[in-house]
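Dear colleague,

Please find below the sequence and structure that I am handing over to you. My findings follow directly after them.

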Amino acid sequence: MQNWPLLTLVTFLPLVGVVAMLILRGATEDIARNARWIALWTSLVDLFIALAIWFLFDPTTADFQFVEQAAWLPQFNISYQMGIDGISLFFVVLSAFLTPICVVASWGSVKNRVREYMIAFLVLETLMIGMFCALDFVLFYMFFEGVLIPMFLIIGIWGGPRRVYAAFKFFLYTLLGSVLMLLAILAIYFQTGSTDMVEALNFDFPAHLQTWLWLAFFASFAVKVPMWPVHTWLPDAHVEAPTAGSVILAGVLLKMGGYGFLRFSLPMFPEASAMFTPLVYTLSIVAIIYTSLVALVQQDMKKLIAYSSVAHMGIVTLGVFTLTSEGIQGAMFQMLSHGVVSAALFLCVGVVYDRLHTREIARYGGLAQNMPKYAFVFMVFMLASVGLPGTAGFVGEFLTLMGAFQANTWVAFFASTGLILGAAYMLYLYRRVVFGVITRDDVRAMLDLNWREVVVFVPMLAVVMWMGIYPNTFLKPMQPTISNLIESVQSSRETGHALAGHFRDHRTVRSVAFDAAVSGRQP
Amino acid sequence: MIQFAASEFLPALPEIFLAAAALALLILGVFQGDKSAREIAWLSVAALVVTFALVAMPLHARGTDRLVSFYGLFITDGFGAFSKMLVIAGSAFSIILSMRYNEQEGIARPEYPVLILLATTGMLLMISSNDLISLYVSFELQSLALYVCAAFQRDSLRSTEAGLKYFVLGALASGMLLYGSSMVYGFAGSTSFDTLSHAFQDGGTVSIGLIIGIVLIAVGLAFKSSAVPFHMWTPDVYEGAPTPVTAFFSVAPKIAALALFVRVMIGPFGGLGAEWQQVIWFISVASMLLGAFAAINQTNIKRLMAYSSIGHVGYALIGLASNSAGGIRGILVYLSIYLFMSVGTFAVILCMRRQGKLVEGIADLAGLSRTNPGMALALAIFMFSMAGIPPLAGFFAKLYIFLAAIDAHLYALAIIGVLSSVVGAFYYLRIVKLMYFDEPAEPFDRPVPREVQAVMLVSALVVLFFFVWPTMLVDGADAVAAALFAG
């Protein structure tokens, strides 16, 4: 099976569904019904292939696996090249996991232009998965920026009242960041002579160039993550996007930034990364504390969760730049858990929004009485977002903070403060929505989860608990890649300047501490 | 007495054929009267197809060799053949687009396609000119035909005004070009590109008079390619001229002017790169910025396309500013892709008709995705492509241009370029927003003429699927650009 073009298959299979949908003919309702089923089956088959890739993935090596190569623009050394390692594997699985969930979640709530909606989501799936698999810069950039088109349409067509503003803001912000990255990619091309990522990863860029390239990549990824102060597109986009749009946005698109830092910024520009680490720390801490405070006073549920996303992604960027095994594994884990948990939280908001058509927190209250199943589901995801031990959120935050403590105590201190605030705003949200006495008739009349919503939430609940109880399933395949990454960064820093020596001393100690931490948590 | 051998004529066979075809069709049209307009139009397209083949075949057979004939006045090479193919394709597309429109507006006359053929002949000669004299003569041949085209809807005040405006300003530009040519002749002693190129081979000290001459020639060419700060006529002429003429203006003359720009700067003045590169740099930046910012507030789609085309010229000129084979390759790839994007967009604009009346407001596109999903999808593809969003063709156009800029260390130019492309994305997105996010306005007339539909479909497919197999175009452009520098 290793010889099959599995990555090409998993990437482009959704387009088969798109073609099938395009040739549908008949009455509007028939087209809508058929489009939903086609989208569901296509995305489920795609999920199955993604799981097969995970199953076949060799967790003992740091090399790229399932590598495929084909000539594309041979005279420029630009080729179609796909491959995954421990970092990208889970993002592929995550994208494939969330798409069918989005399809089911939009089953009844999207009523107009259903076919176009499903097409947009399947195209989006292709672009997301392709982006994580691409091993060529031009190919990567095509997927990375191509994502903007379907997302722009999803927000703009099926979004809320201010959807046009939000869609434009999302598009232009992200575009502004990524065009600078395009120039950096071209500059890399002239340094290495090809757009092959693997070659660029092993290339020593001159120090002065590293600074500029790092900044150009940073412009793109910082907007995508998003980091404070370029996060302002996110609350708007989340609030206006349809529920499934928010799920993909929070679940996968934000991860592109974190993935970019890990894949490109750290290994290719180690010296510049070291130089800018204080900047990233500062921005991350501001993001964690400031957006948590902002989340505390939000009146709109989606906006609150959007700000919490910024805070959680702040933890991710912090973890990535600690350059410790725990920090990076924590950041990776945090991205995965945030991908599931925040997606689930947006779905929770979508459930009540479908019934009452408002996201205003004050309109709700006392849902525990008439919606017990919903209250339970919401509670689990809320606690996972807070980082309760036993849920997915805990592992990521714990590991990241452990990494941060070793890198810089003050950074860790401030980051921990943010976590306390995180607990505050989430619990406050939950109290206002779920507890209390029902005062309004329309709230009293709300029905509990229907079977379709249960179908959506059950797999997500299972994954969140699994990640919390036995994180090693996920940590193990990424370990070789991450230690390889750290080693290569440190060795190039050592050759770069003498100070780098102290990184290695810490690393052995940290690995011991980490193993103890993980094994202690195993049941 | 000058004697011409057949081998002297052979390189100019496409131009000779096209000129003869234009004259023959003119006679045919005069005898048959206005009712033969459509027939003449199709015959003109056929003539262009034959010319295309005549241009393409020697390129295929002989490769990119340089061939100078007519006592040094006329040059054929790979670069010329490539640009000519684009020009011919642009002209053929615009004739196809014009047929139904002219019938509906009551201006269907056989002279129209003939004028386009004559203008095209001028453009082909222009691209092949190897002397300041032949440059000027062919330049005027195409310009005069274009002035008439702009004023072709002679009962319309707007069209005649556009024609007059274009004529007055165009005459000024021709004057500049001529003045510049005479200064170059005065200070360098020759009008032949080969002699000039030889004289300036190693740069050295250059007299100020010569610099002024070169700048004046650049002004004339910048005017024709509607680059800032000589763009003022563009929005008015684009708006006033009949829409098929606007479609024609936005592709063929623009491509020809840019090809000539390349020919003149790289050819005779190639050794003086350091002198003119900064001029091109400025024109390029100004065009990109103006194209991006001035388009934001436009409400008329033809005006918007005018500013958009100004911006595109700015991007294409980045390639010239980098003064390298990579830059010329970038220009050629850019122009090829621009041809399809622009023709496709104008095909959609030509379908914007309600109760037989043409509408040109951007707001009239509102809700097009509901009333005519196919057309909306095509226009959305063109808009995203013009904004340079991958995986559409427009992205590759920009990619090769910026590749050349980075290679030539023009970092500031590249950064300004990508930033203004973000601003430009705003107004392209605005059209997508109108079509997809807004409530439908009254639908456009059906059915859409079949030939217009075909042009739209072909362009959309090319733009959408370019990424699958970009090698052919890029390889071709690469070969002819390299040959231009080697020769």
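**Overall form of chain A**

With 523 residues, a compact globule would have a radius of gyration near 24 Å, and the 22 Å of chain A agrees with this. Please bear in mind that the model is predicted. Along the principal axes, the C-alpha atoms of chain A fill a box of roughly 70 × 55 × 45 Å. The chain contains 22 helices and 2 strands.

Several totals describe how chain A is packed. Of its 523 residues, 67% are buried. Among contacts in chain A with a separation of 6 or more, 81% are between residues 24 or more positions apart. Chain A exposes about 17,600 Å², and carbon and sulfur atoms supply 67% of that area.

**The two strands**

Strand β1 (residues 65-73) of chain A runs antiparallel to β2(A), and 6 bridges join them.

How many residues of strand β2 (residues 78-84) of chain A are buried? The strand is mostly covered, with 7 of its 7 residues buried. I78(A), Y80(A), M82(A) and I84(A) point one way from β2(A), while S79(A), Q81(A) and G83(A) point the other way; all are buried.

**Aromatic rings**

Over all chains, the count comes to 63 aromatic pairs. One of them is formed by F137(A) and F264(A), a tilted pair at 5.4 Å centre to centre with 40° between the planes. F137(A) lies in helix α5 (residues 137-146) of chain A and F264(A) in helix α11 (residues 243-268) of chain A, so the pair ties together parts that are 127 residues apart in sequence. Both F137(A) and F264(A) are buried.

Helix α11 of chain A also takes part in another pair, through F261(A). F218(A) and F261(A) are tilted, at 5.9 Å centre to centre and with 40° between the planes. Because F218(A) belongs to helix α9 (residues 207-224) of chain A and F261(A) to helix α11 of chain A, this pair ties together parts that are 43 residues apart in sequence. F218(A) and F261(A) are both buried.

**Charges over rings**

In chain A, the charged end of R452(A) sits over the ring of W451(A), 5.5 Å from its centre. In chain B, K224(B) lies over the face of F139(B), at 5.6 Å from the ring centre.

With kind regards

How values were computed. Residues numbered from 1 in each chain as written. Chains lettered and ligands numbered in written order. Predicted model: local features only at pLDDT ≥ 70, side-chain atom pairs only at ≥ 80, totals over all residues. Heavy atoms only, no water. Phe/Tyr/Trp six-rings, centres within 6.5 Å; stacked < 30°, edge-to-face > 60°. Helix = DSSP H or I, 4+ residues; strand = E, 2+ residues; numbered from the N terminus. Buried < 20%, exposed > 50% of the residue type's maximum accessible area, 1.4 Å probe, protein only. Lys NZ or Arg CZ within 6 Å of the ring centre and 35° of its normal. Rg over C-alpha atoms; globule rule 2.2 N^0.38 Å. Contact = heavy atoms within 4.5 Å. Areas by Shrake-Rupley, 256 points an atom, 1.4 Å probe, with all protein chains shown as cover. Pairing = 2+ DSSP bridges.
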